[in-house]
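Visitor: Please take a close look at the aromatic rings and the core around them. I would like one connected account.

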Amino acid sequence: MIGTDKAWEKFGKVDPYFGVLADERFAADKIDDNRDEFFATGRSSVDHILKRYGEHFGALQHGRALDFGCGVGRLTFPLAREFSSVVGLDVSPSMLSEAGSNAERLSVSNVQFALADDRLSNAPGEFDFVNSYIVLQHIPVPRGLPIYSRLVDKVGPGGGFHVHFSMRTDNLASRSVWWASHHIPGVKIWQNIQCGRNWNAPAMQMNNYSLNRIVVQLAGQGVTQFFCSAEQHAKFLTCSLFGKRHVAGESGSSQA
């Protein structure tokens, strides 16, 4: 496994829900009391994502959907209420195992969970909607940009996508602390102890993407209908980018 994948698998083994949504309510020792609230955040996010998409591009066809970086299924299960079938991909076998248990617990039968690779080989065919939320920021940019391109390629004619990424941290001091925690032995252990977490809790890597590079990449793929929405996630400025794969002969426009 690649370095960031190893960290994600460690989260999957020891603290899967916190790994998906970094809130102490969803830490391993508290999730039993807050599991319903955890999945409620997923329903709220999917409702918001689909509403924003519909406001700009109209109704989607509700056949197949793809959820890249599905984790334990926080967004996959709400998507399964809106689409006939959903494929959830993740690099962590432990996350996928927990997602499968959650599908049984929630009696959701129209989802398929599979191991993710950079070529999306376990998600064959095209999809009416492709989603990836709070995922790419944990993948280094040289690896993440080709994945972004392949996610867009998975969108069928007339279909849409929503992909979220981080653009920058709040300030130089914050970035310096992040760098130290990943490169200086002992710093991450100290941070974990200060935060009241297990001393060996894995680091959550953050990577910042260039909106310019992503837009140029989309244009090269023939995607000319898109809009973006900036969001503040804790100390990070992030961007949700929505787009549509237009049908041949359909006029396109871009919005930002």
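Guide: The charged end of Arg 64 sits over the ring of Phe 127, 4.0 Å from its centre; the rule asks for NZ of Lys or CZ of Arg within 6 Å of the ring centre and within 35 degrees of the ring normal. The model is predicted, with local features needing pLDDT of at least 70 and side-chain atom pairs pLDDT 80 or more, while totals for chains, interfaces and linings use all residues. Residues are numbered from 1 along each chain as its sequence is written, and side-chain values use heavy atoms, without hydrogens and water.

Next, the ring pairs. Rings of Phe, Tyr and Trp (its six-membered ring) pair if their centres lie within 6.5 Å; planes under 30 degrees apart are stacked, over 60 edge-to-face, and the rest tilted. The count is 14 aromatic pairs. Tyr 148 and Phe 165 form an edge-to-face pair, because their planes are at 65 degrees, with the centres 6.4 Å apart. Tyr 148 belongs to helix α6 (residues 141–153) and Phe 165 to strand β5 (residues 155–168), so the pair ties together parts 17 residues apart in sequence. Helices (H or I, at least four residues) and strands (E, at least two) are DSSP runs, numbered from the N terminus.

Tyr 148 is buried at 0% relative accessible area; buried means under 20%, exposed over 50%, partly exposed in between (1.4 Å probe, protein chains only). Phe 165 is also buried, at 0%.

Ring pairs also join Tyr 17, Phe 26, Phe 38, Phe 39, Phe 77 and Phe 113 into a cluster.
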